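Colleague: Could we go through the salt bridges in this model together?

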Amino acid sequence: MSESWRCVVDKLPEVVARVLGIDESVVVDLINTGRLKIAPTPDPKMGDFGVAVHPLLKNIERSKWSEIGSLLATELYSSTRDECWVEKVEFVNGYLNITINYHGILRKLVEDYFTGKIFRELESVGNGEKVVVEHTSANPVHPLHIGSGRNSVIGDTFARLLSKLGFNVETRFYVNDMGRQVATLVYGAKIVESSGISIPGNIKPDHWYGAIYALTNILIEKNKLEKKLRDKINQIIEKTSSLCNPCLEGRLEGIPRELCFEFCSISWRKNYRFNTKKIRDIYRELKKTSKTTQNPLITELKNLIEEYKAELSEYIDFAKAETRLAIQYPELHSALKASIRDYREAEEEINKLMQLAESGDSETISLFRRIIEPVLNGFKETLNSIGIHFNGFDFESNPEVVKTAHEIVEGLLKRGYAKTIEGGAVEVNLDYAAEVNEKVLKLFHPDRAGRFIVRRSDGTTLYVTRDIAYTLYKFRELGARRVYNVIAIEQTREQKQLKAVLYLLGYEQEADNLHHFAYEMVHLKGMRMSGRRGVYYTIDEMLVDAKTNILKKLFEKQSSIKEDSIEIAEKLAVSNVRAILVSVDPSKVLVFNPEKIGEVEYGTIIQYAFVRAQGVVRNLWGLEFLDNPRQVVEKALGLTSRIVGTELTIEEKKLVEDIFKYPSILRQAYSEMSPNKILEYALNLALDFNKFYEKYPVVSEKDENKKYTRAAITVMTLILLSELMDILGFPKLRKM
């Protein structure tokens, strides 16, 4: 629906209520359900679109339709003439035919865009207000994958949008250099270093350390599961042994004799081997039997086997991941496997590293920083390749953050919102807080606020506690008036807990101006990503796949690769990858199939329209927009007086409507935190321009009025595509 069309529809209920006395809500319902039809007219001579008002007139004598219809037309015109750019409203045979003053809109747009008025108005939205956008903040333990990449592109696009709206934007990356994941990486990396293994020169550092992290996790978890499985097998053997004789003797009512033999078979084999296949067969029979008998022994055995099966499945997953990584990184695997023999010893070492880091031990913090630095450099390289940069990296181990985290715990204890529980941990009682603080109650309503730990029994604070401290840092030290945390939707409860603590400690203004920009996960077809298993589809791989597919298509068209083909393919790959990651509303899951990456070309479509529009300007005035956009705008400004009453085509009207929407789209994307709307709008603008370009000449048009009109539309489209590509982070191509 066009802006003018939507404007008229919004005014219609009020006009109908005034003329016919029908309640506005009734008219709104008729519109929403489609009973009051609004559609483009079949013939432009009848206007641009019509409203079938028959449902409103059905209880009125037909002889009065003309009179009432004319009154409706007059009132609607009066209400929409100025605000909706309506030129004429006529009543004909039950229809209100509406003509939009597209020529007036066009002249207004030309003046507003070429003088920069539109952009100044948009910049007044932020008016220089300081905003901090924290995004990506991925744990530095493996390369950035498509999931964390979605966070990066959403956060960067939103930050770019805020800048266009006049906010003073600062982007930050919060580096978790104290948590369990980083401690696990450090533990594994120390083993690798002590084995004399160094990173090969042909491997990107974040991928190398990602393998160390995954293998360390896999070997620890496998060892843990091996012990669990052994314990579970012994329990199953013990349970079947206790069932064998009573079952054979008929003392266990409701159990088939065949199942008794299976129990005994397991028991009698205990000194030889454990038959996993037989366990599966027994489990199937147990499920059937449990439906006909309430014997608790049967239920216990069934539950034991269920637990065994789940742990065995997890063990097999880890074993497969280990084999895959062992083939790719044999030296790493050998060194780590030789050292990680008891998961309890490994976990004890990891816990020590965490405690030392939090206590501020300079040697440990230095070790952590040294090991994650190459990973962060890998992050920066990846992000730089898709046009993402940060104003700063903030470390969780920052003494100020750690100190503030402990002050937060003490503050909560002092105010009675937290208490020391058995074992020495400190727990916040938000259920109690919700009873005395209305803002906390509203945060979680209708759910219970619950309780959560802010300090462990060993004296270390948790990630959420340090995150609260970091939030205060963003307001106090960075001077933010408003903060946006681009964090996964699964962290919604933790973000509410963070905000609740701010309210409880008296930081109401900070809490009110803290926004959780939630986004959903990425689901890949045929792959379940897991950093702990080293299974992911990285942004580096995604860019290579996109670039390769583009080059294949260029080769098919050109039969050879030109000198600049690779550079063009790289820029198109960045555009397409960024477009994919921002294409779906952040609140919805992004479902993606890496094998179909060549079929998603949103960025290419937008780039193609941008290149075409530059070509028109180049051929029209001999100017290069990318070299001197101001010169192009000044040249176009001279067209204002030369655009006179030319009848616009359907395609030209569509572009005028698109251009008219630009400010409202930016405002909507900002207020709803939905940068996907920017892409949708840019894509529609590009598609509409491509249709116009293919159908109508500009440079060779003989009619001067048409030529200047089309030139003005082209330049405005070019300017907007350039602005939109700035927001979307697309590199700009001069040609394709």
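**Salt bridges in the predicted model**

Modeller: A search of the whole structure finds 60 salt bridges, each being a side-chain nitrogen of Lys or Arg within 4 Å of a carboxyl oxygen of Asp or Glu. This is a predicted model, in which local features need pLDDT of at least 70, side-chain atom pairs count only at pLDDT 80 or more, and totals for chains, interfaces and linings use all residues. Residues are numbered from 1 along each chain as its sequence is written, and side-chain values use heavy atoms, with hydrogens and water left out.

Colleague: Which residue does Arg 370 pair with in a salt bridge?

Modeller: Arg 370 meets Glu 193, at 2.9 Å from N to O. The pair links distant parts of the chain, 177 residues apart: Arg 370 lies in helix α15 (residues 362-385) and Glu 193 in helix α8 (residues 180-194). Helices (H or I, at least four residues) and strands (E, at least two) are DSSP runs, numbered from the N terminus.

Colleague: And what is the partner of Glu 410?

Modeller: Glu 410 bridges to Arg 455, with the closest N and O atoms 3.0 Å apart. Here helix α16 (residues 399-414) holds Glu 410 and strand β10 (residues 451-455) holds Arg 455, 45 residues apart.

Colleague: Is Arg 455 buried or exposed?

Modeller: Arg 455 counts as buried because its relative accessibility is 16%, buried meaning under 20% relative accessible area, exposed over 50%, and partly exposed in between (1.4 Å probe, protein chains only). Glu 410, at 42%, is partly exposed.
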